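Below are my notes on the model, as numbered points. Please read them alongside the coordinates.

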Amino acid sequence: MELRFGIEVMPAGHRRRAIEAEVRKLLEVKFLGRIFPFDEDAAEICGRLRASRRAIGRPMHDLADAAIAAIALSRSASLATRNLADFADLGLDLIDPWAMPAVG
């Protein structure tokens, strides 16, 4: 969703087409079978997560972030994000990909 949004808000032109082609290749090759759906389990967790955060005075206003967290939690998966603050204290294993050492 966020990759598609980023592409859609770019101005039309060569750069946008090039990035769109790279993202398409990335999704079809590197991420094939690795993108988890927002399913019934994630929906249940998302509802509970949003309610519990609201009850402690720290509501998750961004429904997309709540859904992303719930998908990761429903699969016991780590979550890679630069936005560590919004996902703190949710019981997730958070990875900041920008803080990782360079590979290669």
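1. Contact range. Taking contacts in the chain between residues at least 6 apart in sequence, 33% join residues at least 24 apart. The model is a predicted one, and the remarks below should be read with that in mind.

2. Overall make-up. The chain has five helices and two strands, and from the N terminus on the order of elements is α-α-α-α-β-α-β. Along the principal axes, the C-alpha atoms fill a box of roughly 50 × 30 × 25 Å. Of the 104 residues in the chain, 21% are buried.

3. Nonpolar core. The largest nonpolar core has 14 residues, and the members that touch the most others are Ala 69, Phe 87, Leu 90 and Leu 92. At least two residues of this core come from each of α3 (40–55) and α4 (63–74). The biggest contribution is that of α4, with five residues. In soluble globular proteins, nonpolar side chains tend to be buried together.

4. Ala 69. Which residues does Ala 69 touch, leaving aside those up to four places away in sequence? They are Leu 49, Phe 87, Leu 90 and Leu 92. Phe 87, Leu 90 and Leu 92 are also named, with Ala 69, among the core members touching the most others.

5. Packing of α3 and α4. The two helix axes come within 8 Å and cross at roughly 120°. An angle of 65 to 115 degrees would count as roughly perpendicular and one over 145 as roughly antiparallel, so α3 and α4 are classed as oblique to each other. Their crossing is right-handed.

6. Residues at that contact. On the α3 side the contact is made by Asp 41, Ala 42, Ile 45, Cys 46, Leu 49 and Arg 50. The α4 side supplies Leu 63, Ala 66, Ala 67, Ala 69, Ala 70, Ile 71, Leu 73 and Ser 74. By type, the residues of this contact are 11 nonpolar, one polar and two charged. Ala 69 and Leu 49, which touch each other, are both on this list.

7. Ser 76. This residue is not a glycine, yet has a positive phi of about 50°. Ser 76 lies in the loop between α4 and β1 (79–80). Exposed means over 50% relative accessible area, and Ser 76, at 72%, therefore counts as exposed.

8. Asp 89. A positive phi, about 65°, is also found at Asp 89, again not a glycine. The loop that holds Asp 89 runs between α5 (84–87) and β2 (94–95). Is Asp 89 buried or exposed? With a relative accessibility of 67%, Asp 89 is exposed.

Conventions:
Residues are numbered from 1 along each chain as its sequence is written. This is a predicted model: local features need pLDDT of at least 70, side-chain atom pairs count only at pLDDT 80 or more; totals for chains, interfaces and linings use all residues. Side-chain values use heavy atoms; hydrogens and water are left out. A nonpolar core is a set of buried Ala, Val, Leu, Ile, Met, Phe, Trp, Tyr and Cys residues joined through side-chain atoms within 4.5 Å. Buried means under 20% relative accessible area, exposed over 50%, partly exposed in between (1.4 Å probe, protein chains only). Helices (H or I, at least four residues) and strands (E, at least two) are DSSP runs, numbered from the N terminus. Contact means heavy atoms within 4.5 Å. Axes are lines fitted to C-alpha atoms, for helices over the stretch in contact, and angles run from 0 to 180 degrees between N-to-C directions. Angles under 35 degrees count as roughly parallel, over 145 as roughly antiparallel, 65 to 115 as roughly perpendicular and the rest as oblique. A crossing is left-handed if the near helix is turned anticlockwise from the far one by less than a right angle, and right-handed if clockwise. Ala, Val, Leu, Ile, Met, Phe, Trp, Tyr, Cys and Pro count as nonpolar, Asp, Glu, Lys and Arg as charged, and the others, Gly among them, as polar.
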